[in-house]
Amino acid sequence: MKVDNEPIIRTATVWKTLCPFWGEEYQVRMPPTFHAVAFYVMDEDALSRDDVIGKVCLTRDTLASHPKGFSGWAHLTEVNPDEEVQGEIHLRLEVVPGPRVRWLRCSVLEARDLAPKDRNGASDPFVRVRYKGRTQETSIVKKSCYPRWNETFEFELGEGATEELCVEAWDWDLVSRNDFLGKVVFNVQRLGAAQQEEGWFRLQPDQSRSHQRDEGNLGSLHLEVRLRDETVLPSACYQPLVQLLCQEVKLGNQGPGQLIPLIEETTSAECRQDVATNLLKLFLGQGLAKDFLDLLFQLELGRTSEANTLFRSNSLASKSMESFLKVAGMRYLHGVLGPIIDRVFEEKKYVELDPSKVEVKDVGCSGLHRPQTEAEVLEQSAQTLRGHLGALLGELCRSVRACPAVVRATFRQLFQRVRERFPSAQHE
């Protein structure tokens, strides 16, 4: 995933398939001035550069037109290098009167956030200014995506000039052809009326270089994307609410108050996870996460008549517990189970317990091969699976001291509350 061509996220690799499933979810902070989000589907190569299969690009306007989020299949389109541009260029344009003719003066000052085109993670940019068939170029700035030139070029203006001034940024290459970095085009007639214009101008792709693409031939990508604007006020504005919430949680031992149940009742199912996450972060910062969750446990247990249905609904308690474990326990989970899961993937042992899907392969050595029976494959798969699960459970049992103290305390409190609500032996 890239924001304005700046890579920020890479998913896991799904091997040997044309129909991959990721099921991964990310929350990304976007710069206020972002223009587009692009999702690139890559083919990973161990020995060379990854190949680009295609991309899906969603503009800011597209995301804003779907307030509840964009969801669905989008066709992958071919990636054209001349469209992979980013960054801005600082220019000053002037129409200078002369004794007999007017002059168009273009000052190329600097650029920022240019696309890195070289293996060193940068570019060797220069600028080419074109007007009425005449071309002038700046010097080359080596290994920079934030170059400074401060060079000025002049072009003679005829009467009633209608031609366009084109300013192009390029990455210089010694051996191969130069790479296009983007361009800006100006209407000289409009500029003549204004006499002077200066500012940062966003580099645009060269549509004339784009070739016709057949959407759909490269496959499709299923996405769910939601753009959410958050306005953050100074912390002092939130203090009355923070104090009110903390006061209710501190009194939770006397039974649930009114504020938290009211928040749960008035929160829609769509935004309950967001509310739970924000409340959980607030109380973690105040050192009251355990007390907040205990209050929710009491609410959940108070309306539950069957022990088997505990935490089965999309209640505020369920969502808050999910957020709590992600925030407080994710590093612990990765540290304990990560090495085992990595080893499972590295071993690449065949495991299949469904008889209808078993693949029977040849076994043996020294040229003496015989096909495995279905029963042998199932038994070998079961042994492999038991080995993996045994290793996972063993590591979990040995990891008590590594489990964060706040997680252990929270579960201990939950255990006591459940035992008080369902004390009979059948629920032990």
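A residue is called buried under 20% relative accessible area, exposed over 50%, and partly exposed in between (1.4 Å probe, protein chains only). At 68% relative accessibility, V232 therefore counts as exposed. V232 lies in the loop between strand 14 (220–225) and helix 3 (239–250). Helices (H or I, at least four residues) and strands (E, at least two) are DSSP runs, numbered from the N terminus.

The structure is a predicted model, in which local features need pLDDT of at least 70, side-chain atom pairs count only at pLDDT 80 or more, and totals for chains, interfaces and linings use all residues. Residues are numbered from 1 along each chain as its sequence is written, and side-chain values use heavy atoms, with hydrogens and water left out.

V232 also belongs to a surface patch. Together with L233 and Y238, V232 makes a nonpolar patch of about 290 Å². Patches are made of residues with over 30% relative accessible area and no salt bridge; like charges are joined within 9 Å, and nonpolar side chains (Val, Leu, Ile, Met, Phe, Trp, Tyr) within 5 Å. Accessible areas come from the Shrake-Rupley method with a 1.4 Å probe, and for residues only the protein chains shown count as cover.

Two sheets are described next. Strands of a sheet pair through backbone hydrogen bonds, either parallel or antiparallel. Two strands are taken as paired if DSSP finds at least two bridges between them.

Ten bridges join strand 6 to strand 7, and the two run antiparallel. They form a hairpin with four residues between them. Within this pairing, V96 has W103 in strand 7 as its bridge partner. Seven bridges join strand 6 to strand 13, again antiparallel. Here I89 is paired with F201 of strand 13, and R92 with E198. Strand 6 is mostly covered, with seven of its ten residues buried.

The other open sheet also has four strands, in the order 9-8-11-12, and its pairing is antiparallel. Its edge strands are strand 9 (134–137) and strand 12 (179–187), each pairing on one side only. On average, neighbouring strands are turned by 20° against each other, direction ignored. Six bridges join strand 8 (residues 125–131) to strand 11 (residues 164–171). In this pair, R130 stands opposite C166 of strand 11.

L181 lies in strand 12. At 0% relative accessibility, L181 counts as buried. The C-alpha atoms of L181 and P116 are separated by 8.9 Å, although the two residues are 65 apart along the chain.

Charged side chains were examined last. Side chains of opposite charge can pair when their charged atoms come close. A salt bridge is a side-chain nitrogen of Lys or Arg within 4 Å of a carboxyl oxygen of Asp or Glu. By this rule the count comes to 17 salt bridges.

One of them joins E198 and R92 (3.7 Å, N to O). This pair links distant parts of the chain, with E198 in strand 13 (residues 196–202) and R92 in strand 6 (residues 88–97), 106 residues apart. E198 is partly exposed at 43% relative accessibility, as is R92 at 25%.

Another joins E110 and R148 (3.5 Å, N to O). E110 lies in strand 7 (residues 102–112) and R148 in strand 10 (residues 148–157), so the pair ties together parts 38 residues apart in sequence. E110 is buried, with a relative accessible area of 17%, whereas R148 is exposed, with 58%.

R228 and D274 also meet in a salt bridge (3.0 Å, N to O). R228 sits in the loop between strand 14 and helix 3, and D274 in helix 5 (residues 272–285), 46 residues apart. R228 is partly exposed at 35%, and D274 is partly exposed at 24%. R226, R228 and D274 are linked in a network of salt bridges.

Terms used. Axes fitted to C-alpha atoms, helices over the stretch in contact; angles between N-to-C directions.
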